[in-house]
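Please read the following note with the model open beside it. It is arranged as numbered points for a reader who is new to structural work.

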Amino acid sequence: MVVVFFLGIFISTQLTANAPSTILFFDLGNTLINTKNENQFIFFDSTLGYLESLKKKHYRMGLLINVPDAWGKTQDEKLKKLKSFVTKRWKGGKPFPWSYFETIFLSPETNKRKPNPYLFNQALSWAKGKS
């Protein structure tokens with residue numbers, strides 16, 4: 001069984017034989033990090049502590065991110081460009097904790113960017129496969 005909510009966070013709860021497993025999917029820009037200043041990215045207040053708390057409680061986390069088509073033809077190319085783009089502009093003290101996120105879904109093309117359901121459906125399919 002999968003239950004889904006979206007309020008800046010996309011939550012997929014899977015009921016397994018052992019225990020409930022919750023997967024939280026976040027947007028990156030202007031949800032976890034403040035990207036209003038294109039040259040200086042920082043965490044919103046309390047975001048890092050919140051992510052660390054979720055990690056300590058063994059919540060599984062992922063990201064759903066719109067990226068420009070020009071960042072690459074493949075998901076790997078786009079992910080490499082995204083990480084470089086964020087790292088070059090990062091002013092948040094500690095580096096962005098990419099390792100906290102079990103999976104990252106990127107828009108493959110402009111017409112599949114959020115709010116198009118494509119990324120949400122990809123995350124749901126992935127979550128169902130993890131049950």
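1. Basis of the note. This is a predicted model, in which local features need pLDDT of at least 70 and side-chain atom pairs count only at pLDDT 80 or more, while totals for chains, interfaces and linings use all residues. Residues are numbered from 1 along each chain as its sequence is written, and side-chain values use heavy atoms, with hydrogens and water left out.

2. Fold. The chain has three helices and seven strands, taken as DSSP runs numbered from the N terminus (helices H or I, at least four residues; strands E, at least two). Read from the N terminus, their order is β-β-β-β-β-α-β-α-β-α. Of the contacts (heavy atoms within 4.5 Å) between residues at least 6 apart in sequence, 61% join residues at least 24 apart.

3. Surface. The accessible surface, from the Shrake-Rupley method with a 1.4 Å probe, is about 7800 Å², and carbon and sulfur atoms account for 53% of this area. Buried residues form 36% of the 131 residues in the chain; buried means under 20% relative accessible area, exposed over 50%, and partly exposed in between (1.4 Å probe, protein chains only).

4. Salt bridges. Side chains of opposite charge can pair when their charged atoms come close. The structure contains three salt bridges, each a side-chain nitrogen of Lys or Arg within 4 Å of a carboxyl oxygen of Asp or Glu.

5. D27 and K114. These side chains form a salt bridge at 2.8 Å, N to O. D27 lies in the loop between β3 and β4, and K114 in the loop between β7 and α3, 87 residues apart. D27 is partly exposed at 21% relative accessible area, whereas K114 is buried at 17%.

6. R60 and E102. This salt bridge also spans 2.8 Å, N to O. R60 belongs to strand β6 and E102 to the loop between α2 and β7, so the pair ties together parts 42 residues apart in sequence. R60 is buried at 19% relative accessibility, and E102 is partly exposed at 41%.

7. Largest pocket. Its volume is about 220 Å³. A pocket here is an open set of points on a 1 Å grid over the protein atoms alone where a 1.4 Å probe fits, with protein on both sides within 12 Å along at least five of seven lines; lining residues have an atom within 4 Å of a point. Which residues are closest to the centre of the pocket? Of the 14 lining residues, they are I65, N66, W71, L82 and F85. Helix α2 supplies the largest share of the lining, three residues.

Key:
Points joined across faces, edges and corners; volume = space filled by probe spheres on them.
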